[in-house]
Amino acid sequence: MTVSTVHTAAVVGLGTAGTELARRLSGAGIRVIGVEPDGEAVARALRAVGSGPVEVTSRVAAVAAADLVLEAVPEPEAAKRAVLTAIAGHRRADVPIVTTALSTPVAALADAAPGPLLALRFARADRLDAAELARAPGAPDEALRRVVSTLAAGGVTTHEVPDRPGSLAPGLLLGFLNQAAWMCYDGYVEPEVLETAVRLGCGWREGPLGVLAAIGHRTATDILRGLQQRLGERYAPAPLLAGPPVAVSPRPEPVTDAVPEVRTVAVLGSGTMATGIAEVFLRAGHRTLLVARTEEKVAEARAAVEFGLLRTGRATEEVTEALGRWSGHTEVAVVAQADLVVEAVVEDLAVKRRIFGELGALCRPGTVLATTTSALSVTACATASGRPRDVLGLHFFNPAATMDLVELVRTEHTGESALAAARAVLAAAGKVAVECEDRTGFVVNALLFPYLNDALTALEDPRVQPALLDTVMKSVAGQPLGPTRLLDMVGADVALEVQRRLHQDQDQGRGRPVPAPTDLLRRLVDRGFLGRKSAGRGVRVLLTEEARAGAT
């Protein structure tokens, strides 16, 4: 049989995934035989499919009429194995079977269905525009072509990938989502804060709880349990998934009697984040002071701020007016003039503590003192200041001038007056503040860097290349950027430091175990392949060089 003679497809299991497959294939003019014993499921499927050429039966023997069989029953391996065995007893010898098993490698199911067997893996059935396809050992090229051609007719783009538990994009995405659900279940972050933080911090269209609701809590739980058995306790399903989807509603604004007014902001530092933050406050109309180590750094900072203002398309007179409120300094004592001081120096706790000791002595009572750390202890900075009620974290995201999200981090000592001032100044600057407690990685980084670490673990498999991984994460998982490109943007050195701290601090008693940084991440840093900051030499370049060295 050739690809062109595929006229009939059988879909066994008419849940969400099976119904979507039936809808797409029937819409392409392919005759579909649906096999489903549950009458309610059949009724839902027929409503969803509409008037397409679909016949429904409860008899598995009907697959004998199909040129292609797709199995789409729920995930537990035992259920998959039983259905595949039943299908294999009736399908014609040359007809491929496609299983939707995700947590179980297709090779482990090959004995249940001798003959051409493949696995179709997707992130969510309601957006099945793209999926990953893996072959069991011995599945011929003709079977692959037949499956690819048939799915393409239904508008499903397929990417052939190695056969792994969780596959690539679906497993990585579910790992991220499960950690987010644990974070919410542990009470560290409220649902609406979590959704906002991930949407704005990671560029998602929906927050993780919304994505989990679309996947289905039961489906996610079944897959995660299978991954837990094969890959370890990190995939233990969050108890949150045992209940209905979490309702997400806007939080009421905090009520504060008096909000301290912030007229002057001082920024300590002259790097990319410091100049971006200075630009934010200038654009919001604040008098802005920047403190750098040398006059040369001050001049470079001014040029960066001016370029940033011009890049926004502002008129020359507006830029001139904004720069009239800017001044650069090399003496830290100038912070005595500020109502808000934002520290944005190197991620070294000893350096930050020394600076906060100076700020505590120099600044007026009530001046808000903020650190922009992405992973270090805000509490440690607060205690060093000698005035911990005034200290909080303002974790801006890069580029600070254009990213809307700021994580507003409170310690157990932070006073309401400081929080109120921070909320007001961020709102005036057009930023969305999500509030969280002081914990390693806060919200976004505590989710993002373990995901990047897991992605690098996948790349340790020589069958998985960076281009393939980035492609499927964008195409199948709907990510705005592939993980290797994202890692090159943030810097491997930053990822290593954050992942190391998350691993070290996992005794904070929340969430699932956090693995140590992968060997590939360590090699990237040890050899100076940091991404953009090392002239673009990042993950792809390192792996290419290592592959060449191994071939010689």
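A network of salt bridges links Glu460, Asp519, Arg523, Arg527, Arg537, Glu545 and Glu546, a salt bridge being a side-chain nitrogen of Lys or Arg within 4 Å of a carboxyl oxygen of Asp or Glu. The model is predicted, with local features requiring pLDDT of at least 70 and side-chain atom pairs counted only at pLDDT 80 or more, whereas totals for chains, interfaces and linings use all residues. Residues are numbered from 1 along each chain as its sequence is written, and side-chain values use heavy atoms, with hydrogens and water left out.

In total, the structure holds 41 salt bridges. One of them joins aspartate 129 to arginine 24, with the closest N and O atoms 2.7 Å apart. Arginine 24 belongs to helix H1 (residues 16–27) and aspartate 129 to the loop between strands E6 (117–121) and E7 (130–135), so the pair ties together parts that are 105 residues apart in sequence. Helices (H or I, at least four residues) and strands (E, at least two) are DSSP runs, numbered from the N terminus. Arginine 24 is buried, at 13% relative accessibility, while aspartate 129 is partly exposed, at 47%; buried means under 20% relative accessible area, exposed over 50%, and partly exposed in between (1.4 Å probe, protein chains only).

Two further salt bridges lie within single helices. In helix H3 (residues 77–88), glutamate 77 and arginine 81 are 4 residues apart, about one turn of the helix, and their closest N and O atoms are 3.5 Å apart. Glutamate 77 is partly exposed at 27%, as is arginine 81 at 25%. In helix H10 (residues 295–311), lysine 297 and glutamate 300 are 3 residues apart, again about one helical turn, with a closest N to O distance of 4.0 Å. Lysine 297 has a relative accessible area of 31% and glutamate 300 one of 41%.

The second largest pocket has a volume of about 650 Å³, the volume being the space filled by probe spheres set on grid points joined across faces, edges and corners. A pocket is an open set of points on a 1 Å grid over the protein atoms alone, where a 1.4 Å probe fits, with protein on both sides within 12 Å along at least five of seven lines; lining residues have an atom within 4 Å of a point. Of its 30 lining residues, Thr16, Ala17, Ala72, Pro74 and Thr219 are the closest to the centre. Two or more lining residues come from each of H1, helix H2 (39–49), E6, helix H5 (169–185), helix H7 (208–215) and helix H8 (217–231). H8 gives the largest share, 4 residues.
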